[in-house]
Amino acid sequence: RTFVPIPSPEPEGNRSCEVHVRTWCVRGVAGGKMAHRMGRDVEEDGWERSDFPILCETCLGPNPFVRMTKADYHAECKICTRPFTVFRWKPGAGARYKKTEICQTCSKAKHVCQTCLLDLQYNLPVQVRDTALGITEEEAQQAVPKSQVTLLHWAEEQDKLALTGQDQGTITYGKAPKNELLERMKRKEPYYKRNEARICSFFVKGCCKRGKECPYRHEMPQTGELANQNMKDRYYGVNDPVARKLMRGDKERNTLVPPEDESVATFFVGGLEEGIGKEDLAGVFCPYGELKSVNLVPLKRCAFVTFTSRGDAERAGEALAGNLVVKGKKLKLMWGKPLKQRDAPGLSRRKEGVQHIQPPAPPPPPSSIGAGAGTSYYPSMDPQTYGSKIVLPAEQEGQND
């Protein structure tokens with residue numbers, strides 16, 4: 001086994017990479033399954049050899065300097081089962097070592113990362129992307145077949161097309177026009193939490209003695225639908241639990257639930273900018289019914305749009321939920337809140353479960369000690385309060401005698 005540093009093309013994001021080449025015995029590829037082909041040319045057999053992987057920003061990690069190890073024909077592709085060049089690296093401090101899982105031919109056909117199998121442009125699962133672009137399962141299967149025999153022939157044909165510079169595949173994912181659903185669901189920043197270390201199996205059993213020095217996470221494994229994920233389902237875009245969760249969450253966030261009060265037919269429109277007037281808002285809401293009023297609040301950059309009927313308001317809410325765009329600006333749409341019923345005059349405003357503190361009792365009546373006729377006297381004016389003794393005139397005369 002030899003290590004030879006070679007220069008590599010600098011990827012996006014001004015990253016500096018150092019690749020170490022590992023020369024492995026080809027006889028050990030795929031557990032000896034390819035040993036009968038040692039007398040033939042590996043390139044003619046369709047074995048893939050590459051100088052740099054196809055990765056997303058999340059898998060590369062936050063560190064701009066990445067050190068990788070490269071092993072030619074080290075493992076089989078998880079999709080087409082052909083031997084390919086495997087790259088292994090550590091995305092950053094506290095992260096686990098990651099490696100490429102599929103070959104570059106399969107990666108280019110679906111426009112996905114070789115490690116996480118997520119879309120390179122939107123960082124979303126294949127099922128979410130195909131659903132947003134309107135690609136059916138039959139069309140996706142025509143682009144990349146599932147049959148093992150057909151898949152090997154398809155991969156060899158794709159390599160021949162790549163050598164001639166022709167387009168590889170019937171669906172060009174990377175050249176697809178912008179989609180509103182994908183633009184709304186895509187990640188704006190890399191999700192580096194996906195690179196965390198794996199869960200410590202000894203901690204799950206309750207017998208890990210490393211404590212803080214353990215390089216694995218001391219957490220209990222996640223249960224539910226996300227615990228059962230399959231790499232081929234992720235690649236072909238079928239039965240992906242992560243995709244179902246993302247699409248379900250997007251639907252809930254962009255669905256307006258009408259209030260129970262049937263008298264509410266008002267919408268709150270937020271995020272207004274200068275130049276958006278009543279006519280612009282009325283032109284968007286009028287196709288769904290007759291409007292009663294459109295009130296702008298310039299100081300708070302919002303508006304209130306009221307329909308004459310509740311049915312028209314519900315139709316407008318279903319159509320414009322998460323899709324309200326005025327003059328190229330996406331606005332926030334919410335149902336208005338019902339007016340609070342005021343209490344009738346003379347009724348108590350006390351609420352259940354709230355304790356009301358009674359006002360303190362008035363002070364006792366003034367004492368008559370030392371007070372003259374018509375003079376107000378208060379307890380604070382009594383010298384006995386502070387421990388003094390009052391000497392009456394008769395006692396004072398006896399003391400003088």
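The model described here is predicted. In this model Asn239 has a relative accessible area of 56%, and therefore it is exposed. The residue belongs to the loop that joins helix H8 (231-236) to helix H9 (241-253).

The backbone of Asn239 also deserves attention. Most residues other than glycine have a negative phi. The phi of Asn239, by contrast, is positive, near 55°. Although Asn239 and Gln127 are 112 residues apart in sequence, their C-alpha atoms are 8.3 Å apart in space.

Asp240 is found in this loop between H8 and H9 as well. Its relative accessibility is 2%, so Asp240 counts as buried. The side chain of Asp240 makes a polar contact of 2.7 Å with the side chain of Arg234.

## The largest pocket

The largest pocket of the model has a volume of about 1,700 Å³. It is lined by 40 residues, and those closest to its centre are Arg96, Arg194, Gln229, Arg234 and Val242. Strand S5 (98-99), H8 and H9 are the elements that give two or more residues to this lining. The largest share, 6 residues, is supplied by H9.

By class, the lining of the largest pocket consists of 17 nonpolar, 17 charged and 6 polar residues. Arg234, one of the residues closest to the pocket centre, is the partner of Asp240 in the polar contact described above.

Gln104 is placed in helix H2. With a relative accessible area of 11%, Gln104 is under the 20% limit and therefore buried. Its side chain reaches the backbone oxygen of Phe52 at a distance of 2.6 Å.

His111 lies in the loop between helix H2 (104-110) and helix H3 (126-133). The phi of His111 is near 60°, which is a positive value in a residue other than glycine.

## Aromatic pairs and charges over rings

A pair of aromatic rings is described by the distance of the centres and the angle of the planes. The structure holds 7 aromatic pairs. In the pair of Tyr235 and Tyr236, the ring centres are 5.3 Å apart and the planes stand at 90°; because planes over 60 degrees apart count as edge-to-face, the pair is of that kind. Both of these tyrosines are buried. Ring pairs also join Phe267, Phe285, Phe307 and Trp335 into a cluster.

Charged side chains are placed over aromatic rings too. The charged end of Lys146 sits over the ring of Tyr236, 5.3 Å from the ring centre. Arg187 lies over the face of Tyr191, and the distance to that ring centre is 4.2 Å.

Val149 lies in helix H5, which covers residues 148-164. Its relative accessible area is 68%, so Val149 is exposed. Along the chain Val149 and Cys80 are 69 residues apart, while their C-alpha atoms are separated by 9.2 Å.

Lys327 lies in the loop between strand S9 (325-326) and strand S10 (329-330). At 59% relative accessibility, Lys327 is over the 50% limit and therefore counts as exposed.

Note on methods: Residues numbered from 1 in each chain as written. Predicted model: local features only at pLDDT ≥ 70, side-chain atom pairs only at ≥ 80, totals over all residues. Heavy atoms only, no water. Helix = DSSP H or I, 4+ residues; strand = E, 2+ residues; numbered from the N terminus. Buried < 20%, exposed > 50% of the residue type's maximum accessible area, 1.4 Å probe, protein only. Phe/Tyr/Trp six-rings, centres within 6.5 Å; stacked < 30°, edge-to-face > 60°. Lys NZ or Arg CZ within 6 Å of the ring centre and 35° of its normal. 1 Å grid on protein atoms, 1.4 Å probe; cavity = no way out; pocket = protein on both sides within 12 Å on 5 of 7 lines; lining within 4 Å. Points joined across faces, edges and corners; volume = space filled by probe spheres on them. Nonpolar A, V, L, I, M, F, W, Y, C, P; charged D, E, K, R; others polar. Polar contact = N/O pair within 3.5 Å; in protein donor to acceptor, adjacent residues only side chain to side chain.
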